[in-house]
Amino acid sequence: MSDKIENIKEKIESEIKNENIESESTNPPVGDKTALVTIIGRPSAGKSTFLNTATGEPVSIVSAMPQTTRNAIRGIVNTSLGQLVFIDTPGYHDSEKKMNLRMRNIVADQLKDSDLILYIIDTTRNCAEEERLIAELIESHQEKIVIALNKIDAPRPLREHARKFIKKHLPEVPENRIFEMSAKNDEGINEVLKALFDMAKVAPHLYGEEFYTDQEVDFRIAEVIREQAINRLDQEVPHAVYVQIADLEMRSPTKMWCRAFLCVEKDSQKGILIGKGAQMIKTIRIESIKALRKIFDYKIELDLQVKVDKNWRQRDVTLDKLLK
């Protein structure tokens, strides 16, 4: 974890402890606070980037391609103040395609059980129809919403446009729960986390302090491979890719063997993923292994292949396995 993240957490702890020092004798310790926080926003609003910055770990994959996140991904921030369990949800997208409808349902389901909601708005884009749909979805939860206006590092961020939208559609969210940040540049994260800790209630922690995510090993490996693939593909192909983990085997205390398949919908997409002289699939495999070494404390040997699973985005049985 970077020194910068540690400094952020120390600053939050110091500020909140100073604010509560007078009532320390009558109130339970601040460190007992816990909250389940659902992150919501449009595709490419910066939700996954925020989560990775807040946890200091590569919890959720990041790409310039909209709708990279397909599942509800948990990232955990532990400090002496307590525990925030963030749920990174798929970008809320206005589309009637079966897969998009499934991902919208994932978002709606997470809101039901969350203690708090972090609504991230992309200030490089106008607050149009998709933003209005999100506001409608969360308007009945305004008492537990924190809003982050993201990408303020852009040349001309639409700050005032976003604030007018909030005032019109979420008028019960006060100014002291609206923040400006750049998740990419790690600016304003401190203030957002502090606001969430302030609103969190005293409750038992959901995870041990050693956890920063609850993802299973096979899911993490699959997501890393998918990230390396989609960041090298153009147009529709990234959306047609999913990763199937066929076999996992610990061959020694320091070595795991994995056979995985990059699955696409068409033969033409298979050729693109393999590449000329198999160069594309080689690059994806090598870069995936490098990324996995930063996550796991054992080496992963990766057998990576490509196969066609025709029209998988239209089949419920496949979507049931992938979208949870």
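## Notebook: burial, helix packing and aromatic pairs

I began with W312, which counts as buried at 0% relative accessibility, where buried means under 20% relative accessible area, exposed means over 50%, and partly exposed lies in between (1.4 Å probe, protein chains only). Before going on I noted that this is a predicted model, in which local features need pLDDT of at least 70, side-chain atom pairs count only at pLDDT 80 or more, and totals for chains, interfaces and linings use all residues. I also wrote down that residues are numbered from 1 along each chain as its sequence is written, and that side-chain values use heavy atoms, with hydrogens and water left out.

**Entry on the whole chain.** I looked up the secondary structure and found ten helices and ten strands in the protein chain; helices (H or I, at least four residues) and strands (E, at least two) are DSSP runs, numbered from the N terminus. Of the 324 residues in the protein chain, 52% are buried. Taking the contacts with a separation of 6 or more, I read that 74% come from residues 24 or more positions apart, a contact being heavy atoms within 4.5 Å.

**Entry on aromatic pairs.** Which residue does W312 pair with? I first noted the rule: rings of Phe, Tyr and Trp (its six-membered ring) pair if their centres lie within 6.5 Å, and planes under 30 degrees apart count as stacked, over 60 as edge-to-face and the rest as tilted. The count by this rule is four aromatic pairs. One of them is tilted, Y207 with F211, at 6.1 Å centre to centre and 50° between the planes. In that pair Y207 is buried at 19%, whereas F211 is partly exposed at 37%. The partner of W312 is Y242, in an edge-to-face pair with 4.8 Å centre to centre and 70° between the planes. This pair joins distant parts of the chain, since Y242 sits in strand β8 (residues 242–252) and W312 in the loop between β10 (299–308) and α10 (316–322), 70 residues apart. I checked Y242 as well, and it is buried at 8% relative accessibility.

**Entry on helix packing.** Two packed helices are described by the angle between their axes and the distance between the axes. The axes are lines fitted to C-alpha atoms, for helices over the stretch in contact, and angles run from 0 to 180 degrees between N-to-C directions. For helix α2 (residues 47–55) and helix α6 (residues 189–199) I found an angle of about 80°, with the axes 11 Å apart. The two are therefore roughly perpendicular (65 to 115 degrees; under 35 is roughly parallel, over 145 roughly antiparallel and the rest oblique). In this contact F50, T53 and A54 of α2 meet I189, V192 and L193 of α6. By class these are five nonpolar, one polar and no charged residues, where Ala, Val, Leu, Ile, Met, Phe, Trp, Tyr, Cys and Pro count as nonpolar, Asp, Glu, Lys and Arg as charged, and the others, Gly among them, as polar.

I then turned to helix α8 (residues 267–274) and helix α9 (residues 279–293), whose axes come within 5 Å and cross at roughly 65°. I272, L273 and I274 of α8 make the contact with Q279, M280, I281 and I284 of α9.

**Entry on P43.** I located P43 in the loop between β1 (33–40) and α2, and it is buried at 6% relative accessibility.
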